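This report describes a structure chain by chain and residue by residue. Please keep the sequence at hand while reading.

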Amino acid sequence: MSIATPPSPPPIVTKPASAPPASEPQPFAILGEYDNVTDVVHGAKAVRAAGYTKVDVHSPFPIHGMDDILGIKPTILPWLVLKMGLIGLTTGFILTMYTMSGFTDGVFRRPDGVEVYSENWWSFLWVNLEPYQYIISGKPLMGLPGYIPVMFELTIMFAAYTAVFAMFLLNRLPRHNHPVLKSERFRRATQDRFFVAIEAKDRRFDPDETAALLTDNRALHTELVYDDED
Amino acid sequence: MAAIFQNPSPTIVPSREVDNTSDDPRYRQPLVTADNDLTSVTEIVGGCAERNPSRLWLVLFALAVPMCLAFFSLIGYLVLTGVGVWGNNQPVSWGFPIINFVFWVGIGHAGTLISAILFLFRQNWRCSINRFAEAMTIFAVCCAGIFPGIHVGRVWVAYWLFPYPNQMAMWPQFRSPLLWDVFAVSTYASVSFLFWYTGMVPDIATLRDRAKGKIQRFVYTFLALGWNGSARHWSRFEKTYLLLAALCTPLVLSVHSVVSFDFAIAQLPGWHTTIFPPYFVAGAIYGGFAMVLTLAIPCRALFGLKEIITMRHIQNCAKVMLGTGLLVMYAYAIEFFVAWYSGHHYEQAVFLNRPFGSNVFGFWLMFLCNCLGPQVLWFKWARNNLWVIMFAAMCVNVGMWFERYVITVTSLTRDFLPGSWDAFVPTWVDYAMFTCSFGLFFTLFLLFLKFLPVIAIAEVKTVMPQGHGFGAEGGHDDHADDHASADDAPSDPDTKEDA
């Protein structure tokens, strides 16, 4: 147990008793260290059974069943990917159909008549987005089968980009100043150790009792990490 | 579990070859051999990136970099002079550039097959080889993309390939298979890169946490995006990985189908066939697995990875190669059959011309290398001998290039009218560019081997007995045997309670 008791606040500072001075590092979480999957699962279950809610487990690889133990809800990611995939499909359809046919199978007429370069500020749209209506090898202007490869690729592209970028955004990454990353021992969380992290924001959090709970449940070592961003 | 408490030894123990190739159904063979645990696997893979490069690595790098520079010099020569420096001319206006493009993009397919399709099929052996197979994909696609890029002639307006509103009121022709290629290959390249990088983030975090030097620490920290192995992060990460695998599976099949449309949409005899998409996809995987083996067999020896990329992995790759080789042979046979059965004179003439006509060298070399050479892998003794596997893989590497040569050149040199027939004579620039494209590929690949996690460390750990502490729960029944057999499986009295 190496939990340093925070020194009492200097008397000059006039702040509510509940809020320590700003220079004081706030405890962020307590980390319980384990060296195998069985023990960390046991530890996480015990912590959850004791009523803690703001619990996380850090491990070098995904541990199956951990979502249920920690009560992690299914992510909305698949729905985002589906939506963006459909948007990609629509983009592909509009892009190919509009540029190749202007959505007409015959002559395309602009809404503003014959004039291409009008005085309006939006006229650049009609100049630059003019459809490219050429009959190639006798293929129809609205030849949907020929546009399917492009529509398909754009569907995949939108969906896959979303899967990756939304995952990192939902995980709030990149974040290089996470308090747990300051711990030296935590560097093994990406190698061969497992950590149960109980956040100080948890209503039941108490530096000593929480650490004792972890130690009683097979934690090899506990450590309090501080959030010095406040 | 005692090994975990021990300090990892700083010296590198040469990896041992353990025979795990037996197919006894009563006993599931381990995917990571030789009593490795979480610590030692991290040590082996991390060591590859942390140690000073070996002398052999430096020699190979010193060979690859000049070739890579020569490649870009040749591109400079081409751009300054014009595409006339190639042998491309009527009637063969698609010479080496398109052959090299199809060759390289095909090689990439094995990487995506391993990372996506084998993932969906829950082939756990993929974990050891998927990372460098994906790297191979990306570097091969880099090489592939350059050839059509410089083949457009005016490289400085290559961005016209992409649709963007412009003052010329000009759009790309969306009915053209060449434009489909632009979309297919750019989607494939970028999505493969994201797949590779996303899977690598947790492993880069491992390297970050092990890094000793300041620069290493900074670079890996930057690349690892602050990954901290949170269970919530892993939950979304796994979902993303599954989604990407599901998206990449149709993508990889579509890419080589679209590449084959470049040929099949044309009216030319020998090209205008419906078998091309599956034939090309099978060929791509065939050639790609050959390249995986070509790279994996030396890598595992040089980097001490024999315990992670085991003999079983090599044999599985060899079997996939043998299987896809049969598909390719079937496609060859059907092409000839349909040429005869169609009653189409021009088609028949082209297919007679291939083995017995004006340019038979390519065809018979292809036949020898693709159809005969790899058949040696039917024998168990051959699959146990790395030199023989390497020989078979080299056969396929050569054969698959000549397959594309045969398809492209024999059809173009002999089309409908004898008046338009002509021979194809490649120039020294053609040969040099193709050779030097390997320089680009190997430069990138050697840099990857040195600086990035060569093995998907996190994924390999999940298929080790240590990866599932609490019994055969949660769809991991396929590893029940691992638990029973492994010496260091958790023998905790509470294991049952947890399960």
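## Backbone, fold and contacts

B:R122 sits in the loop between α4 and α5 of chain B; helices (H or I, at least four residues) and strands (E, at least two) are DSSP runs, numbered from the N terminus. The model is predicted, so local features need pLDDT of at least 70 and side-chain atom pairs count only at pLDDT 80 or more, while totals for chains, interfaces and linings use all residues. Residues are numbered from 1 along each chain as its sequence is written, and chains are lettered from A and ligands numbered from 1 in the order in which they are written.

The phi of B:R122 is near 55 degrees, a positive value in a residue other than glycine. B:R122 is exposed because it has 9 other C-beta atoms within 10 Å. A residue is buried if 20 or more other C-beta atoms lie within 10 Å of its own, exposed if 12 or fewer, and partly exposed in between, with C-beta atoms placed from the backbone. In chain A, A:R218 also has a positive phi, near 75 degrees. A:R218 lies in the loop between α6 (207-216) and β4 (221-227) of chain A and, with 18 other C-beta atoms within 10 Å, is partly exposed.

Most residues other than glycine have a negative phi, and most peptide bonds are trans.

| Cis peptide bond | Omega |
|---|---|
| A:L173 to A:P174 | near 0 degrees |
| B:Q90 to B:P91 | about 5 degrees |

A:P174 is in the loop between α5 (144-170) and β3 (194-199) of chain A. B:P91 is in the loop between α3 and α4 (96-120) of chain B.

Chain B has 18 helices and zero strands. Its C-alpha trace spans about 85 × 50 × 45 Å along the principal axes. Of its 499 residues, 49% count as buried. Contacts in chain B with a separation of 6 or more come, to 80%, from residues 24 or more positions apart; two residues are in contact if their C-beta atoms, placed from the backbone, lie within 7 Å.

How do α5 and α9 of chain B pack? Helix α5 (residues 126-151) and helix α9 (residues 276-302) of chain B pack at an angle of about 125 degrees, with axes 10 Å apart. Axes are lines fitted to C-alpha atoms, for helices over the stretch in contact, and angles run from 0 to 180 degrees between N-to-C directions. α5(B) and α9(B) are therefore oblique to each other; angles under 35 degrees count as roughly parallel, over 145 as roughly antiparallel, 65 to 115 as roughly perpendicular and the rest as oblique. From α5(B), B:I129, B:F132, B:A133 and B:M136 meet B:M291, B:V292, B:L295, B:A296 and B:C299 of α9(B). The residues of this contact are nine nonpolar, no polar and no charged. Ala, Val, Leu, Ile, Met, Phe, Trp, Tyr, Cys and Pro count as nonpolar, Asp, Glu, Lys and Arg as charged, and the others, Gly among them, as polar.

Between the chains, the contact takes 66 residues from chain B and 64 residues from chain A. α8(B) gives the most to the side of chain B that touches chain A, with 16 residues. That side divides into 29 nonpolar, 25 polar and twelve charged residues.

B:E335, in helix α10 (residues 311-342) of chain B, counts as buried, with 20 C-beta neighbours inside 10 Å. Not counting residues up to four places away in sequence, B:E335 touches B:T273, B:I275 and B:F351.
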